[in-house]
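Welcome, and thanks for opening the viewer. Shall we take a short walk together, one selection at a time?

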Amino acid sequence: MVKQNANWSPYDNNGGTCVAIAGSDYCVIAADTRMSTGYSILSRDYSKIHKLADKAVLSSSGFQADVKALQKVLKSRHLIYQHQHNKQMSCPAMAQLLSNTLYFKRFFPYYAFNVLGGLDEEGKGCVFTYDAVGSYEKVGYSAQGSGSTLIMPFLDNQLKSPSPLLLPAQDSNTPLSEAEAVDLVKTVFASATERDIYTGDSLEIMVLKADGVKTELMALRKD
Amino acid sequence: MTFTIPIENGNEVKNAEADSQRTLYPYVTGTSVVAIKYKDGILMASDMGGSYGSTLRYKNIERMKAIGKHSLLGASGEISDFQEILRYLDELVLNDNMWDDGNSLGPKEVHNYLTRVMYNRRNKFNPLWNTLVLGGVKNGEKYLGMVSMIGVSFEDNHVATGFGNHLARPILRDEWREDLSFEDGVKLLEKCMRVLLYRDRSAINKLQIAKMTEEGVTVSEPYSLKTFWEFSAFTNPTVGAEGSW
């Protein structure tokens, strides 16, 4: 019998876009709530934002079964960390853990496009952006997912982050206020929704500050 | 998209045997399942057909089963894999009962368990070829979720599998509302099943509707829907486009 190829794919793209922007003392993490498969919409209010620790919030688009599994692994590793160290993981620590977890499945990857947002040890906002196999970088802002190509150039234009290659290293966080950053996020998602069929329905915005988390929901076009 | 499973040299014989055990394609399949939340709980509908490719081989398959005290599972896809899942769930429910601690598995827990099972089989490249609908009520809280064969899961106020996603979901998005009465819920489901009957070639006119409330599960006796085939779109499909067929 000739070896047959599988006529099913272990991967699927459930679409969606995730964005995060780091400020001087806050971090904005946002994602749309549409989950699709092929040309169908499965759910109009599926949250892609997961709070991993007090100061680290993960937003992932891509294949949602892998995203859920990834989130469970990180959640349990965080619990073990808390038991062993008697404190919550910092955002930079979670960033490294996420990278290692992704690379661990380098030869059967988690099809997840992640943006990790939070506050670093000094209370400044921080955003880490990833590819599917764990390559990551600390940045001032990032967009991942189906609408990322529409959003990133606009964020580059509006937030004008200094080059990470400069010496001495310059702070990549935006000087914008929290309200201005949230407004920018709403604008980029409204624009991305117009042209990306996988982005829409509604927008979930989470703002992380030293005193806690605020969540806001904004309607987007449903078509 | 096809996906090649890599095999190392030297282990060909052993892997060839293991390979022959892997699911390649489904054989006996059930078509759509449609489910909604209503005032008292969950309503779920599916027909009783089991197709063997294009042959309608089985006409008395129950594709919805009660799980424990609080859940209702409906499945489309490979029937033998559904039966396997029921065996897994039997064991799960048995172990849950053996604790004898007054606690019982709710629909959220069963849905999570099924998601893990489907995902793990997908990881081993040997999927259970089903799309599952899991509904239930526990302590007044209604729950309705879906799991696909590769482990994608979500919950919503209304779900449907297969063709139901394309034909029934739009109707539900338009006409579903919070706190439907039992009669309205059944009418809505029947509307969806009727459309599926007209347009899904693997659907048959013999369906069951299952009701899940705090009191328990009742699966109706099989019955058929009244259909109307004299629509001009059916009798004279090319009247608007001469020369077409």
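For the charges on this tour, Lys and Arg count as positive and Asp and Glu as negative, while His and the chain ends are left out. Keep in mind that the model is predicted. Select those charged residues in chain A: the mean positions of the 22 positive and 23 negative charges lie 6 Å apart.

Next, show chain A as a cartoon. You can trace 4 helices and 12 strands. The C-alpha trace spans about 65 × 45 × 35 Å along its principal axes. Chain A has a radius of gyration of 17 Å, which agrees with the value near 17 Å for a compact globule of 223 residues.

Taking pairs at least 6 apart in sequence, 64% join residues at least 24 apart.

Switch to a surface view. Chain A exposes about 10,300 Å², and carbon and sulfur atoms supply 54% of that area. Of its 223 residues, 54% count as buried.

For the last stop, select the cysteines. How many disulfides are there over all chains? The count comes to 0, where a disulfide needs two cysteine sulfur atoms within 2.5 Å. Start with C27(A): the closest cysteine sulfur is in C126(A), 6.5 Å away, so the two are too far apart for a bond. Move on to C126(A), which is in no disulfide either; its nearest cysteine sulfur belongs to C91(A), 3.4 Å away. Is C27(A) buried or exposed? C27(A) is buried, with a relative accessible area of 0%, and C126(A) also counts as buried, at 0% relative accessibility.

Terms used. Residues numbered from 1 in each chain as written. Chains lettered and ligands numbered in written order. Predicted model: local features only at pLDDT ≥ 70, side-chain atom pairs only at ≥ 80, totals over all residues. Heavy atoms only, no water. Buried < 20%, exposed > 50% of the residue type's maximum accessible area, 1.4 Å probe, protein only. Helix = DSSP H or I, 4+ residues; strand = E, 2+ residues; numbered from the N terminus. Rg over C-alpha atoms; globule rule 2.2 N^0.38 Å. Contact = heavy atoms within 4.5 Å. Areas by Shrake-Rupley, 256 points an atom, 1.4 Å probe, with all protein chains shown as cover. Charge placed at Lys NZ, Arg CZ, Asp CG, Glu CD.
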